[in-house]
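Hi,

Here is the structure I promised to pass on. My notes follow below it.

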Amino acid sequence: MEEEILDVVDEKDFVVRKATRQEVREKGLLYRSSRVIILNSVGELLVQKRSSKKDIFSGYWDIGVAETVISGEDYETAAWRGLEEETGVTKKGLESRLVYLFDLRYRSEWYNENSKVYKLVYDGNLTLDENEVEKAQYLSIAGIKGIINHNPFHPSGKEAFEKYLKILE
């Protein structure tokens with residue numbers, strides 16, 4: 001399988017060059033990702049435990065679905081691709097339900113991403129890909145805070161969750 005090529009971006013999210021996923025990871029280059037916060041109709045949010053097979057943050061908990069944007073792809077397309085790959089949720093009939101929420105910029109010494117965060121209200125069945133997700137469940141805000149406080153949690157997922165809570169205030 002050919003390695004994915006990603007767009008390396010600057011602080012204003014303009015593409016500056018292309019790189020393999022491996023190079024982006026090894027050098028901590030700034031790249032793009034999409035994130036979807038998934039809620040059910042009673043207001044619980046989906047959290048997932050990332051597969052131990054993931055190349056980064058394996059076995060960590062995360063909010064909703066996150067997907068790396070491949071070179072030339074837009075954020076929304078990546079969001080739908082991630083939903084389908086990780087949970088089996090497809091775009092058909094749900095196009096109008098995916099709502100853009102906010103931009104998120106996560107920075108650390110070795111992991112840097114620009115994300116667009118979306119929301120999807122969804123009560124249907126989930127078909128988890130074991131290569132992507134170990135398990136997933138809908139939880140209350142308090143339940144998610146408990147997981148964050150007592151378990152490894154994806155750092156940009158935690159920031160997305162906290163920014164989402166501020167929107168609700």
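Which residues does T87 touch, not counting those up to four places away in sequence? They are L46, V65, G82, N125, L126, T127 and L128, with contact meaning heavy atoms within 4.5 Å.

Before the rest, some ground rules: this is a predicted model, where local features need pLDDT of at least 70 and side-chain atom pairs count only at pLDDT 80 or more, while totals for chains, interfaces and linings use all residues. Residues are numbered from 1 along each chain as its sequence is written, and side-chain values use heavy atoms, with hydrogens and water left out.

Back to T87: it lies in helix α2 (residues 75–87); helices are DSSP runs of H or I with at least four residues, strands are E runs of at least two, and both are numbered from the N terminus. T87 is buried at a relative accessible area of 2% (buried is under 20%, with a 1.4 Å probe and protein chains only). A polar atom of the T87 side chain lies 2.6 Å from the backbone oxygen of L83.

Then there's helix α4 (residues 155–168), with 14 residues. Its buried residues are P155, S156, G157, A160, F161, Y164 and L165. They pack against β3 (30–39), β4 (45–50), β5 (61–63), β7 (99–107), β8 (112–121) and α3 (141–150).

Have a look and tell me what you think.

Cheers

Technical notes. Buried < 20%, exposed > 50% of the residue type's maximum accessible area, 1.4 Å probe, protein only. Polar contact = N/O pair within 3.5 Å; in protein donor to acceptor, adjacent residues only side chain to side chain. Expected span 1.5 Å × (residues − 1).
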